[in-house]
Amino acid sequence: MKRRDLIKSLGVTAGTIALSSVAQASVAAPIKKALKIAHITDVHIRPEHNAVARFKKCLEMIKKDKVDLILNGGDSIYAADYDNITKDRVEQQWACWNESVQVVKGIPMHHVLGNHDMWWQGKDDELGGKAGVLKMLQMEHNYYSFDNNGWHFIMLDSNHPTNPGMLDDEQWNWFVQDVQKNSQDKPTLIMSHYPLLSCTGIVDNKPDFRGPFKVSGSYNHLDIMKFIDVFNKNKNIKLCLSGHIHLLDKVWYNDVAYLCNGATSGFWWEPGDDGKSAYKQTVPGYSLLNLYEDGSFEHEYIKYEAV
């Protein structure tokens, strides 16, 4: 072979190899979806306002979404915490809940406690306090964690005995140890009833409120700076879900997403600010989330009564 032909041949071969490498590099493997979940919160179920039928409609849609699990963010029943609530009323509300969730029987559901779920008047009754809620929701503990398909989930109890919107010392120590033990090699989602971090405390105050803003533990966990310190040391914490405010917002801070996902009941099932069921601008809904193996996620708020 002549030298010129040899160089030409080698050039074509090298070019072919280079182009092949570029082609392989440009066709990256797709990121696999790990889980599809539904987040419901602040259902506040009760017999009035056709709430059971409306909640069943919501759950029927979630069932059609073919989710892998449902996360329930608390305030499952309308209210057990008021002074005038009787045991009959508590049982009536939980009966509404039990009837409704039969729609999604077979789909795993994980719960946290809301501030309105506890019947504090029933101190000596099996339905009293947090123990009564654990009994009705078939929960072993008021805070816990679990793994599912490569993601770690931490379920917190925001109902501090004296300062709502924070963890007591025992739970905080458990939380830090759980993160250190279980979140080092997998993306992690945290759910609480009260928001860990939210902007709703700015917009949901009374019209005569003046700055500088002083946000209570109802809007932001009072121990949020302690959480942020933990998150800064563990970059696998990806997502924090909450409810309580009945408003919809997203805060992105230091690569952690904080989603306050409205309320399934909207304006507690009653005619709201829009004459229907919205609390301010947030209509009744639930959130769908796709969680991916690399820790990324997608989310969408489904306004189920508008369908």
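D125 is partly exposed in this predicted model, at a relative accessibility of 24%. Its salt-bridge partner is K87, with N and O atoms of the two side chains 3.0 Å apart. The pair spans distant parts of the chain: D125 lies in the loop between strand 3 and helix 4, K87 belongs to helix 3, and 38 residues separate them. K87 is likewise partly exposed, at 27% relative accessibility. Both values fall between the limits of 20% and 50%, so neither residue counts as buried or exposed.

Helix 4 covers residues 129-137. Its buried residues are G129, G132, V133, L134 and L137. The spacing of such positions can be read against helix geometry. An α-helix has 3.6 residues a turn, so residues three or four places apart point the same way. Just after helix 4, the backbone at Q138 adopts a positive phi of about 55°.

Salt bridges were then considered across the whole structure, which holds 10 of them. Side chains of opposite charge can pair when their charged atoms come close. One of these salt bridges joins E305 and R54, at an N to O distance of 2.7 Å. The E305–R54 pair also links distant parts of the chain, 251 residues apart. E305 sits in the segment after strand 11 (297-302), whereas R54 is part of helix 2 (residues 51-64).

The aspartate is exposed, at 63% for D185. The D185 value is over 50%, which means that this residue counts as exposed. Beyond this pair, salt bridges with shared partners unite R46, E48, R89 and E270 in one network.

Methods. Residues numbered from 1 in each chain as written. Predicted model: local features only at pLDDT ≥ 70, side-chain atom pairs only at ≥ 80, totals over all residues. Heavy atoms only, no water. Buried < 20%, exposed > 50% of the residue type's maximum accessible area, 1.4 Å probe, protein only. Helix = DSSP H or I, 4+ residues; strand = E, 2+ residues; numbered from the N terminus. Salt bridge = Lys/Arg side-chain N within 4 Å of Asp/Glu carboxyl O.
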